[in-house]
Amino acid sequence: DGQTDEDVETLFYADTDSDGYGDPANTIMDCRPPAGYVDNALDCDDDNSNVNPSMAEVCNLVDDDCDGDIDEGVQLTFY
């Protein structure tokens, strides 16, 4: 049909911080994941390997676990 690999390519996401979670804004279509790409778009900060869905939230004004909330469950009340 004159086309190559149509309908067999998969969308892959760049993983520049090598934490196993990809950047939804940086994609490529290919038959296999190229080096530095993964098959998920779950990273909310692909410049920081300490920020991804597998991380525990810590009190640092960052959404460490990529759930859309910052420092939930770790803030303390001081008097």
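Which residue is the bridge partner of Tyr13 in strand 2? Thr27 is that partner. The views below come from a predicted model, where local features need pLDDT of at least 70, side-chain atom pairs count only at pLDDT 80 or more, and totals for chains, interfaces and linings use all residues. Residues are numbered from 1 along each chain as its sequence is written, and side-chain values use heavy atoms, with hydrogens and water left out.

**View 1. The whole chain holds 0 helices and 3 strands.**
Helices (H or I, at least four residues) and strands (E, at least two) are DSSP runs, numbered from the N terminus. Read along the sequence, the pattern is β-β-β. The radius of gyration of the protein chain is 17 Å, well over the 12 Å that the globule rule gives for 79 residues, so the chain is more spread out than a compact globule. That radius is taken over C-alpha atoms, and the rule is 2.2 Å times the number of residues to the power 0.38. Along its principal axes, the C-alpha trace spans about 75 × 20 × 15 Å.

**View 2. The surface of the protein chain exposes about 5,500 Å².**
Carbon and sulfur atoms supply 49% of this area. Accessible areas come from the Shrake-Rupley method with a 1.4 Å probe; for residues, only the protein chains shown count as cover. Buried residues make up 25% of the 79 residues. Buried means under 20% relative accessible area, exposed means over 50%, and partly exposed lies in between (1.4 Å probe, protein chains only). Now look at contacts, meaning heavy atoms within 4.5 Å. Among those between residues at least 6 apart in sequence, 24% join residues at least 24 apart.

**View 3. An open sheet of 3 strands has the order 2-1-3.**
The pairing is antiparallel. Strand 2 (27-30) and strand 3 (37-38) stand at the edges, each with a single partner strand, so one side of each has no neighbour in the sheet. Two strands pair if DSSP finds at least two bridges between them. Strand 1 (residues 10-14) is joined to strand 2 by 4 bridges. Strand 1 and strand 3 are joined by 2 bridges. Strands of a sheet pair through backbone hydrogen bonds, either parallel or antiparallel.

**View 4. Tyr13 has a bridge partner in strand 2 and an opposite residue in strand 3.**
Thr27 is its bridge partner in strand 2. Val38 stands opposite Tyr13 in strand 3. Leu11 also has a bridge partner in strand 2, namely Met29. Tyr13 is touched by Asn40 as well.

**View 5. Asn40 counts as buried, at 17% relative accessibility.**
Asn40 sits in the segment after strand 3. Not counting residues up to four places away in sequence, Asn40 touches Tyr13, Gly20, Tyr21 and Gly22. Look at the side chain of Asn40. One of its polar atoms lies 3.2 Å from the backbone nitrogen of Gly22. A polar atom of this side chain also lies 3.3 Å from the backbone nitrogen of Leu42. A polar contact is a pair of N or O atoms within 3.5 Å; within protein, one must be able to donate a hydrogen and the other to accept it, and residues adjacent in sequence count only if both atoms are side-chain atoms.

**View 6. A disulfide joins Cys44 to Cys66.**
The S to S distance is 2.2 Å. A disulfide is a pair of cysteine sulfur atoms within 2.5 Å, and the count by this rule is 1. Both cysteines lie in the segment after strand 3, 22 residues apart. The torsion about the S-S bond is about -80°, so the disulfide is left-handed. Cys44 is partly exposed, with a relative accessible area of 43%. Phi of Cys66 is near 60°, a positive value in a residue other than glycine.

**View 7. Cys59 is in no disulfide.**
The nearest cysteine sulfur, that of Cys44, is 17 Å away. Cys59 is exposed, with a relative accessible area of 55%. Cys31 counts as partly exposed, at 29%.

**View 8. Ala25 is found in the loop between strand 1 and strand 2.**
Is Ala25 buried or exposed? Ala25 counts as exposed, at 73% relative accessibility. Ala25 and Asp45 are 20 residues apart in sequence and 11 Å apart in space, C-alpha to C-alpha.

**View 9. Leu61 is found in the segment after strand 3.**
Phi of Leu61 is near 65°, a positive value in a residue other than glycine. Leu61 is exposed, with a relative accessible area of 71%.
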